[in-house]
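Hi there,

Here is the structure I promised to pass on.

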Amino acid sequence: WALFIGWLNSLRVIVGSLFIATFIGIFVGIARVSGNSIFRLLSAFYITIIRQTPLLLQLMFWYFVAFLGVKENILSPLGDAFSISNQGVKLLGLNLSPEFSALLLGLSVFTGAYIAEVIRGGILSVSKGQWEAFKSLGLSESNGLYRIIIPQALPAIIPGLTSQYLNLAKNSTLAIAVGYADIYAVNDTIINQTGRAIESFIILLTSFLLLNLLISYGMELINRSI
């Protein structure tokens with residue numbers, strides 16, 4: 001039962017981070033190739049800072065500085081709909097603990113920077129002739145990007161995106177650094193209480209193997225459909 005609850009906690013943060021990181025990666029990746037110099041500069045700055053610092057330090061920053069360092073609600077004018085404090089995040093009636101919030105935000109921001117580079121590389125893999133073609137047809141840059149360029153870039157994007165999804169799932173085990181009770185933290189407690197290290201690690205390794213195989217299979221189905 002303890003392992004089951006640990007896995008539910010892990011899946012909550014993994015699934016949530018996958019969606020948020022994908023959104024961040026797509027937005028920043030497109031900004032990196034946009035015609036707006038400010039967007040390109042800001043996105044390049046974000047990617048450089050995030051990719052050159054360890055994930056563990058980033059998680060500890062979000063936890064100890066961004067959340068525990070906040071003494072009271074910093075968004076009180078918004079009422080109960082959304083607030084951030086040292087008690088965590090309140091969002092539309094949901095109370096997210098500071099441990100969960102720091103892990104979710106840290107994994108999303110970190111993985112989003114890598115996904116952005118995957119998106120940028122896939123877009124740049126499409127020949128410049130395609131850009132010139134849709135511009136000659138009178139399509140705007142945003143319309144041509146979404147209707148012409150990105151569909152052709154997806155075969156180059158999906159494999160790299162799969163690798164980042166797998167890395168995110170494995171990086172979630174760093175939750176123990178911020179005190180979040182994920183499957184690894186629960187497993188560590190079980191080992192200390194029972195001494196069954198071999199059985200516990202076999203269960204842990206098998207669980208992550210099955211999860212990553214599921215992610216790989218799902219992405220493979222998407223790749224085939226494309």
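Strand S2 and strand S3 (residues 94–96) run antiparallel and are joined by 3 bridges; two strands pair if DSSP finds at least two bridges between them. Helices (H or I, at least four residues) and strands (E, at least two) are DSSP runs, numbered from the N terminus. Across this pair, Val89 faces Leu96 in S3. The hairpin of S2 and S3 has 2 residues between the strands, and Leu92 takes a positive phi near 50° there.

A word on the source: this is a predicted model, in which local features need pLDDT of at least 70 and side-chain atom pairs count only at pLDDT 80 or more, while totals for chains, interfaces and linings use all residues. Residues are numbered from 1 along each chain as its sequence is written, and side-chain values use heavy atoms, with hydrogens and water left out.

On its other partner, S2 (residues 88–91) pairs in the antiparallel sense with S1 (residues 82–85) over 4 bridges. Lys90 is the bridge partner of Ser83, and Ser85 stands opposite Gly88. S1 and S2 form a hairpin too, with 2 residues between them.

Now the helices. The axes of H1 (residues 2–32) and H2 (residues 37–51) come within 7 Å and cross at roughly 130° (axes are lines fitted to C-alpha atoms over the stretch in contact, with angles from 0 to 180 degrees between N-to-C directions).

Enjoy exploring!
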